[in-house]
Amino acid sequence: MDFIKIIRLKETDSTNRYLKEYDGDEGSLMTIVLAEYQTAGKGQGQNSWESERGMNLTFSVKIYPTNVPVIRQYVLLEAKSLAIAETLRIYTDCITIKWPNDVYWKDWKISGTLSECVIAGNRIRSCILGTGINVNQETFTSNAPNPISLKQITGKDIDKDILLNAFIKNFQTYLDMINRGKLDDIHSLYEKNLYRRDEVFKYSDCNGEFMASIYKVEPEGNLVLQRVDGSLSKYAFKEVEVVL
């Protein structure tokens, strides 16, 4: 069995869906499905992911982490976001992670990830992490507010295989930390890499807009904001958004 198995597809509806239904040989550490084009690529919730054929990296990774409690499954998203951010910093600076799992260049979104985990008892049995990274696309036509690609940032064509191999190496490092029980170390690194981490910015929730700063992200994934009056507000995914 290979340590890492990579499956390359010309086209599929969703690499996450493909991996969920895949019943062939898997890698002992991770299995990666990479598609040149996804007809139904997804972001978090009901969002879609725009990707021009052959221009970007759209892929999913299936892993079998050891000893990750269900309550700490967010660490898997943290690890992948960190690996993506570290990889993109090879090409450019100003890379941060926008809670919960997007990767930003300055105020522009360059990557997003979603996760689908299988639970056994109180532990994570397996997890599929689907990711899109904008690499060589130069024009975006969807109504997404702020997409950007590495080529738009650097002005150069990027070799996608080199980028993918760098990501795999970085993700291996974080997966090893997870399997050695260093969940708190990953969480601490994640918080240090957060977008707009140390300043007051405008946010919006179901009650309207307000000014706040990031107080912390809980290990379970909830965002805690500190408002200008000193009060704290806690949010789960999709309950609050930063106003760009």
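Predicted model: local features only at pLDDT ≥ 70, side-chain atom pairs only at ≥ 80, totals over all residues.
Biologist: Why is S81 called buried?

Modeller: The relative accessibility of S81 is 0%, and because buried means under 20% relative accessible area, S81 counts as buried. S81 lies in helix 2 (residues 74–88), and, leaving aside its neighbours within four places in sequence, S81 is in contact with I97, N101 and V103.

Biologist: What makes the pair formed by S81 and the backbone oxygen of L77 a polar contact?

Modeller: A polar atom of the S81 side chain lies 2.9 Å from the backbone oxygen of L77, and a polar contact requires N or O atoms within 3.5 Å.

Biologist: How do you know that the span of helix 4 agrees with what it should be?

Modeller: Helix 4 (residues 160–179) has 20 residues, which at 1.5 Å a residue should span 28 Å, and its end C-alpha atoms are 28 Å apart, so the two agree. At the start of helix 4, a side-chain oxygen of D159 comes to within 2.9 Å of the backbone nitrogen of D161, while just after the helix G181 takes a positive phi of about 80 degrees.

Biologist: What makes strand 10 and strand 11 a pair?

Modeller: Pairing needs at least two bridges, and four bridges join strand 10 (residues 223–227) to strand 11, the two running antiparallel. The bridge partner of L225 in strand 11 is S233, a residue that belongs, with Y235, to the covered face of strand 11, whereas L232 and K234 make up the uncovered one. The two strands form a hairpin with four residues between them, and G230 in the turn has a positive phi of about 95 degrees.

Technical notes. Residues numbered from 1 in each chain as written. Heavy atoms only, no water. Buried < 20%, exposed > 50% of the residue type's maximum accessible area, 1.4 Å probe, protein only. Expected span 1.5 Å × (residues − 1). Polar contact = N/O pair within 3.5 Å; in protein donor to acceptor, adjacent residues only side chain to side chain. Contact = heavy atoms within 4.5 Å.
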